[in-house]
Amino acid sequence: MKQVLSPKEFKTVLEKIAGDFYMENESVCRHGADRLGIVGIQTRGVHVAGRIAEILKKKHKSAASVGSLDITLYRDDVSEIGSQPLVKETDIPFPVEGKTILLVDDVLYTGRTIRAALDALLELGRPRKVLLACVVDREGRELPIRADYLGLNMKVKAGEKIQLKVKEVDGKDGIWIVQ
Amino acid sequence: MNLKRKDLLDIESLSKEEIELILETARPFKKLFTQSIKRVPTLRGKTVALLFYEPSTRTRISFEVAAKRLSADTVDLAVGNSSVQKGESLIDTGRTLEAMKVDFVVIRHPENGAAKLLSDKLKVHIVNAGDGTHEHPTQGLLDLFTLKEKRKDLKGMRVVILGDIAHSRVARSNAWGLIKMGAKVTLCGPPALMPAELGKMFGKAVHIEHDLAKAVRSADAINVLRIQKERMMDGLIPSFPVYTEQYGLTPKILKLAKKDCLVLHPGPMNRGIEIASEVADGPRSVILEQVTNGIAVRMAVLYLLAGSK
């Protein structure tokens, strides 16, 4: 297991994502929770979303609504995979109708998680706009999906996995490459 | 995380961990019901056959709604208008459904072990929706879910199962589930409706009590079973008024239990016989929540079985 991003660098990357988003969506950000919702995909994406919301609040004085989305029931491989993923809760305590939604995930890989997340999200209402933020993009897309706001690109060998860790779940922040 | 089984036949053979997995999985499903779109695409393209050899409205509809909210298709084989009436055997009917490539067979049958028989002969997922006096596992699971939702921890909880214990698959499934989760179970009913074999079956894990006033003392929950008219005809109970006098759950009896004692009933209720209307509609009653929870639990079961091989 090799660490490729330290906690400090990790923080910088999240600040870059939040900053890029703010620059392009200043008016929505200024309206705060009325116009902007930040939705993280379970599990790590939820915490990344929380951090981005925090940065927007502290640095840019924009208080967005924050929610979490579980995509398990929207996967396209139920009953094809050996083990059934545990269903977690979707908790979006605000109407998505008419809002700009920043969808947040940790690692963007095949794009299938994002496809499922869009389906799940759109069942809740009709947002004005959905944008995607990811911390890492590793190649290997199987669907035409890309991130609007990206921390960094990483290339890894076949069989290697990018693992993003967050304090809330793993006790530490950073990005690792595991065999 | 997975159920390591093709079928759900009973609670007796489930481990505590499996029960917990089902209950945990049911929670987010229940949350879906608060959305305007309650359907998820999880089991799109799958078919659930509902094979009911006994009249049942709520269980059948509950499974149907559960399947549909998972985007599965349902086929309904009510015995009255299928070839079952022409004397087709259970296994032949099962094989026919399998040949039609259904993915699940939900079966309700008057004979103990009917679901097991299908399970042994067929490759499709079998869900027991009640077999004779044996078990009704999804009812047991939804009762556990309801109790757990209200009280967080089932361990140490005192639960009374009241009524026709002898003929009740609901009682058996509940007792197995509660024992596994560490609750304290009291079975209460007239001696004629409480066979000696129960003691052998559950051993010291359950307490048997014929006096209702004693049974409900310091109870955290009372699960009232439906009393059937047939029992009177069989001579097992003298008359409904006499039964109600001794074993009906009235406000007066409920006062003897804990202040926040929950009241459950699997339905359909005989109001004024096994349960007084004031109790059924009172603040302790979670009877309608059981109905809502039943759908969530059945969705969890279908979802988890779909991922097992």
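Guide: Helices are DSSP runs of H or I with at least four residues and strands are runs of E with at least two, numbered from the N terminus. By that rule, chain A of this predicted model has five helices and eight strands, and from the N terminus on these elements run β-α-α-β-α-β-β-α-β-β-β-α-β.

Visitor: Why do strand 1 and strand 7 of chain A stand at the edges?

Guide: The open sheet has three strands in the order 1-8-7, with antiparallel pairing. Strand 1 (2-5) and strand 7 (161-165) each have a single partner strand, so one side of each is left without a neighbour in the sheet. From one strand to the next, the twist averages 35°.

Visitor: How do you know whether the radius of gyration of chain A agrees with that of a compact globule?

Guide: For 179 residues a compact globule would have a radius of gyration near 16 Å, and because chain A has 16 Å, the value agrees. The C-alpha trace of chain A spans about 45 × 40 × 30 Å along its principal axes.

Visitor: What makes a residue of chain A count as buried, and what percentage do?

Guide: The criterion is that 20 or more other C-beta atoms lie within 10 Å of its own, and 42% of the 179 residues of chain A count as buried.

How values were computed:
Residues are numbered from 1 along each chain as its sequence is written. Chains are lettered from A and ligands numbered from 1 in the order in which they are written. This is a predicted model: local features need pLDDT of at least 70, side-chain atom pairs count only at pLDDT 80 or more; totals for chains, interfaces and linings use all residues. Two strands pair if DSSP finds at least two bridges between them. Axes are lines fitted to C-alpha atoms, for helices over the stretch in contact, and angles run from 0 to 180 degrees between N-to-C directions. The radius of gyration is taken over C-alpha atoms; the globule rule is 2.2 Å times the number of residues to the power 0.38. A residue is buried if 20 or more other C-beta atoms lie within 10 Å of its own, exposed if 12 or fewer, and partly exposed in between; C-beta atoms are placed from the backbone.
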